[in-house]
Amino acid sequence: MDIELKDIPGQLLLALKPVSEFKGNLISVVHHHEKRTPRGTIPVQIVFETKPDKLDDIVASLEESDISIVRIDEKRYFEHGAVILIGHIVHTDIQDTIDSIDNTGYAEIVDLNLSMPKINMASSASLKIDAVSKEHLAQAIDILKDIAEKKDLLVIEPIKSQLGAI
């Protein structure tokens, strides 16, 4: 979240208080005291984690304190995974495959690297998937495996050890 503070004592504490009050976990604060916006305020960047239903409370509290919120960059996805697809990926409508994951509301394809050696040869792609939880990541991969089976694609998942994915 990017905010702007008046240059008077106590403003930074006033801005951080709602994060604490609504059980947010403060990760970092960058206070650009030497800089000024065209309005004469001090730009501050706050990074914190909170439950989605508490974000509106934090925003409302900041607005009640007359703190200007410039930007909120809400990230919902905290689990990350990757798989490899092998087969005729483009010919079997890769966009449909991506949309099937993205439309879940709990996971999305965030990166795709595609290799197509020749027109009639199988291609390969690595897909990075972000999800809201480990369970949702597993569900997204299950959806991807169902789609791959219908499209005659091979899915290679990360090898898991006792320590987690390798």
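User: Let's start with D152: is D152 buried or exposed?
Analyst: Bear in mind this is a predicted model: local features need pLDDT of at least 70, side-chain atom pairs count only at pLDDT 80 or more, and totals for chains, interfaces and linings use all residues. Residues are numbered from 1 along each chain as its sequence is written, while side-chain values use heavy atoms, with hydrogens and water left out. Buried means under 20% relative accessible area, exposed means over 50%, and partly exposed sits in between (1.4 Å probe, protein chains only). D152 comes out at 67%, so D152 counts as exposed.

User: What phi does D152 have?
Analyst: Most residues other than glycine have a negative phi. D152 sits in the loop between α4 and β8 (helices are DSSP runs of H or I, at least four residues, and strands are runs of E, at least two, numbered from the N terminus). D152 isn't a glycine, yet its phi is positive, at about 60°.

User: And D93, where does that one lie?
Analyst: D93 is a non-glycine residue with a positive phi of about 70°. Its relative accessibility is 42%, so D93 counts as partly exposed. As for its place, look in the loop between β5 and α3.

User: What's the strand order in the open sheet of 4 strands?
Analyst: Two strands count as paired if DSSP finds at least two bridges between them. In this open sheet the pairing is antiparallel, and the order is β6-β7-β5-β8.

User: Which strands stand at the edges, each with a single partner strand?
Analyst: Take the order β6-β7-β5-β8. One side of each edge strand has no neighbour in the sheet, because each has a single partner strand; the two are β6 (107-115) and β8.

User: Which residue is the bridge partner of G81 in β7?
Analyst: Strand β7 covers residues 123-131, and β5 pairs with β7 in the antiparallel sense over 9 bridges. Within β7, G81 has as its bridge partner I129.

User: How do the helices pack on that sheet, and what angle does α4 make with β5?
Analyst: β5 and β7 pair in the antiparallel sense. Helix α3 (residues 94-102) packs on the sheet, touching β6 and β7, with its direction about 155° from that of β6. Helix α4 (residues 134-150) packs on the sheet too, touching β5, β6, β7 and β8, and its direction makes with that of β5 an angle of about 10°. Contact means heavy atoms within 4.5 Å, and axes are lines fitted to C-alpha atoms (for helices over the stretch in contact), with angles between N-to-C directions running from 0 to 180 degrees.

User: How many salt bridges are there?
Analyst: The rule asks for a side-chain nitrogen of Lys or Arg within 4 Å of a carboxyl oxygen of Asp or Glu. One of them joins D96 to K151, with the closest N and O atoms 3.0 Å apart. By this rule the count is 9.

User: How far apart in the chain are D2 and R71?
Analyst: The side chains of D2 and R71 meet in a salt bridge of 3.1 Å, N to O. The pair links distant parts of the chain, with D2 in strand β1 (residues 2-5), R71 in strand β4 (residues 68-71), and a separation of 69 residues.

User: Is K151 buried or exposed?
Analyst: K151 forms a salt bridge with D96. That pair links K151, in the loop between α4 and β8, to D96 in helix α3, 55 residues away. D96 is partly exposed at 34%, whereas K151, with 17%, is buried.

User: Which residue joins D142 and K145 in one salt-bridge network?
Analyst: K145 and D142 form a salt bridge with the closest N and O atoms 3.7 Å apart. Both lie in helix α4, 3 residues apart, about one turn of the helix. Salt bridges that share partners join D142 and K145 into one network with E157.

User: Within β1, which residues point the other way from D2 and E4?
Analyst: β1 pairs in the antiparallel sense with strand β3 (residues 42-49) over 4 bridges, and with β4 over 3 bridges. E4 has P43 as its bridge partner in β3, and I3 has I69 in β4. All four β1 residues are buried, with D2 and E4 pointing one way and, on the other, I3 and L5.
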